[in-house]
Amino acid sequence: MERRDGTWIYYRLAPEHAALIKAVLQIVQAHDLDAQLLTADAARLQTRLDMRTAGRCTLGYGIV
């Protein structure tokens with residue numbers, strides 16, 4: 001799903017797929033699938049989210 005605000009497009013997961021997404025995440029967690037990569041991705045995501053101003057991205061791609 002998406003929402004447009006000027007030149008920005010915000011995406012979110014469709015609620016009707018919540019059960020599937022939850023199942024995939026449970027499988028990843030249960031089998032410790034590439035935990036190092038997932039941890040690094042989570043850290044990069046948090047860094048990117050911390051750069052937001054008023055809930056909006058303020059830097060271009062390739063920064064993080």
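The model is predicted, so local features need pLDDT of at least 70 and side-chain atom pairs count only at pLDDT 80 or more, while totals for chains, interfaces and linings use all residues. Residues are numbered from 1 along each chain as its sequence is written, and side-chain values use heavy atoms, with hydrogens and water left out.

Select Y11 to begin, a residue of strand β2 (residues 8–11); strands (E, at least two residues) and helices (H or I, at least four) are DSSP runs numbered from the N terminus. Y11 is exposed, with a relative accessible area of 60%, where buried means under 20%, exposed over 50% and partly exposed in between (1.4 Å probe, protein chains only). Leaving aside neighbours within four places in sequence, Y11 is in contact with M1 and E2, contact meaning heavy atoms within 4.5 Å.

E2 has Y11 as its bridge partner in β2, and G6, in the hairpin, takes a positive phi near 65°.

Now show R4, which forms a salt bridge with E2, the closest N and O atoms being 3.2 Å apart; the term requires a side-chain nitrogen of Lys or Arg within 4 Å of a carboxyl oxygen of Asp or Glu.

Finally, select D41 and R44 in helix α2 (residues 35–50), three residues apart and therefore separated by about one helical turn. Their salt bridge has its closest N and O atoms 2.1 Å apart.

Methods: Two strands pair if DSSP finds at least two bridges between them.
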